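Q: I have a new structure open and would like a walk through it. Can we start with the overall picture and then go into details?

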Amino acid sequence: MPSTYRLAVVGTGGIAHLHADELRKHVPGRIELVAAVDPDATRLEAFRDKFGVAGGYASIEELLADETLDLVDLCSPPVAHAPGAIAALQAGVGVVCEKPPALSLAEFDRIAAAAAASTADFAVISQHRFGSAAERVRNMMASGVLGRLAVAKCDTLWYRPEEYFAVEWRGRWETEGGGPTMGHGIHQIDTLLSIVGPWAEVVATAHRHRRTTNTEDVSHAIVTLESGASVVITNSLLSPREVSQIRLDFDTATVELDHLYGYGDDNWSVHPIESAADEVNQAWAGEPRGRGSGHGAQFQRIADALDGRSAPPVPIEDARRTLELLTAIYASAFTGKRVRAGDIDPTSPFYQRMDGSGAPWPDLK
């Protein structure tokens, strides 16, 4: 029989409520939410009351000293991800971490080192990887029915008003890590890379057009993949008609995803060339089907991995590749140079901070 795994949520804001709902809906009896952490006692008690959580703590250190756990789920602001992950891993407790997993490559590599020295694993929430349609596209690519990828685009066009940034930690490099490139577009970019494979180089721009932040509110990037295909990426928090889009132009078909914060099969479409229509449409009509993207889908995979005593989905290598591309977008935007995979090493200022030696505009927060 599968085991029941004990999980504690760290941070009880909006994303923690979403995680708790998804755990209750998708993995009841497999992952049990037993404790929560938040230094805000009022918010903590409201969360515990809503979800029937037994344990409540003001810090992760108190949690780890008092509870026997299989997992901690880091839903805290980004500035707390690396310290929380390292503390849990050093205690032998597995970590599930919301995005972004760290504020910099330097922080992420410290997490990776802690995971390598631990008996536990580190996984990043990358929920859009796990929808059935994305898996079907990966299978079709592997079968060769789509041919080679030539051109792609990946857009996160969202809208966040000025009051969104009134929260103290938002819009600051040292606490949020970046603007829409880091905190919002990361979802689509990670999904894209999970489908099309590793990136090779990037040329980018970033801008602060409207919001009272220290970080950007828009970025644009042209990415060349290791396969040779080219991808255009836009991340925005200034777009009133919000949409998240991926378009993949292969030799035999265009595959498109159009959604906002999560997708089902109906959010995807395929448009084959006439000579390949029968073969492409037959493959597109196949399995898997019926599984939307979402945290629940990833939590199911995490429970399966724990049952099989294997590493959880989204290995550290994949998570770092995505974070490295985000770092490279900032580095290219702020230096005006082309950045290749592997260029940002510990000698680079962008290894320590996403803004490197500083953004080309004055701080407003």
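A: One definition to begin with: buried means under 20% relative accessible area, exposed means over 50%, and partly exposed is in between, with a 1.4 Å probe and protein chains only. Buried residues make up 57% of the 365 residues in the protein.

Q: What kind of model is it, and what goes into the values?

A: It is a predicted model, where local features need pLDDT of at least 70 and side-chain atom pairs count only at pLDDT 80 or more, while totals for chains, interfaces and linings use all residues. Residues are numbered from 1 along each chain as its sequence is written, and side-chain values use heavy atoms, with hydrogens and water left out.

Q: How many helices and strands does the protein have?

A: There are 13 helices and 14 strands. Both are DSSP runs numbered from the N terminus: helices are H or I with at least four residues, strands are E with at least two. The radius of gyration is 20 Å, close to the 21 Å that the globule rule gives for 365 residues, so the protein is as compact as a globular protein of that length. That radius is taken over C-alpha atoms, and the rule is 2.2 Å times the number of residues to the power 0.38.

Q: What box do the C-alpha atoms fill?

A: Roughly 65 × 55 × 40 Å, taken along the principal axes.

Q: And how many of the contacts join residues at least 24 apart?

A: Among contacts between residues at least 6 apart in sequence, 71% do. Contact means heavy atoms within 4.5 Å.

Q: Which domains does UniProt place here?

A: The UniProt record, an unreviewed entry, has "domain: Gfo/Idh/MocA-like oxidoreductase N-terminal" at residues 6-119. Over residues 6-119 the chain is 46% helix and 20% strand, with the end C-alpha atoms 16 Å apart. The record also places "domain: GFO/IDH/MocA-like oxidoreductase" (unreviewed entry) at residues 136-248. That span is 24% helix and 41% strand, and its end C-alpha atoms lie 14 Å apart. UniProt positions are in the numbering used here, feature names are shortened, and annotations may be inferred rather than shown by experiment.

Q: Switching to aromatics. What counts as a pair?

A: Rings of Phe, Tyr and Trp (its six-membered ring) pair if their centres lie within 6.5 Å; planes under 30 degrees apart are stacked, over 60 edge-to-face, and the rest tilted. By this rule there are 9 aromatic pairs. In one of them, the rings of Phe47 and Phe51 have centres 4.9 Å apart and planes at 50 degrees, so the pair is tilted.

Q: Where do Phe47 and Phe51 lie?

A: Both are in helix H2 (residues 41-51), 4 residues apart, about one turn of the helix. Phe47 and Phe51 are both buried.

Q: What about Phe108 and Phe122?

A: Their pair is edge-to-face, 6.2 Å centre to centre with 75 degrees between the planes. It links distant parts of the chain, with Phe108 in helix H5 (residues 105-116) and Phe122 in strand S6 (residues 122-124), 14 residues apart. Both Phe108 and Phe122 are buried.

Q: Which residues do ring pairs link into a cluster?

A: Trp173, Tyr330, Phe334 and Trp361.

Q: Which Arg lies over the face of Trp284?

A: Arg136, at 4.4 Å from the ring centre. The rule asks for NZ of Lys or CZ of Arg within 6 Å of the ring centre and within 35 degrees of the ring normal. Arg170 lies over the face of Tyr164 as well, at 3.9 Å from the ring centre.

Q: Back to Trp284. Which residues of helix H10 are buried?

A: In H10 (residues 277-284), Ala277, Val280 and Trp284 are buried. They cover an arc of only 75 degrees around the axis, which puts them on the same side of H10; the arc is that of the directions from the helix axis to the C-beta atoms. On the other side of H10, Asp278, Glu279 and Gln282 are exposed.

Q: What do the buried ones pack against?

A: The buried residues of H10 pack against helix H6 (132-143), strand S12 (253-259) and strand S13 (268-272).

Q: Last topic, the backbone. Where are cis peptide bonds?

A: One joins Lys99 and Pro100, with omega about -10 degrees, and Pro100 lies in the loop between strand S5 (94-97) and H5. The bond from Glu287 to Pro288 is also cis, with omega near 0 degrees.
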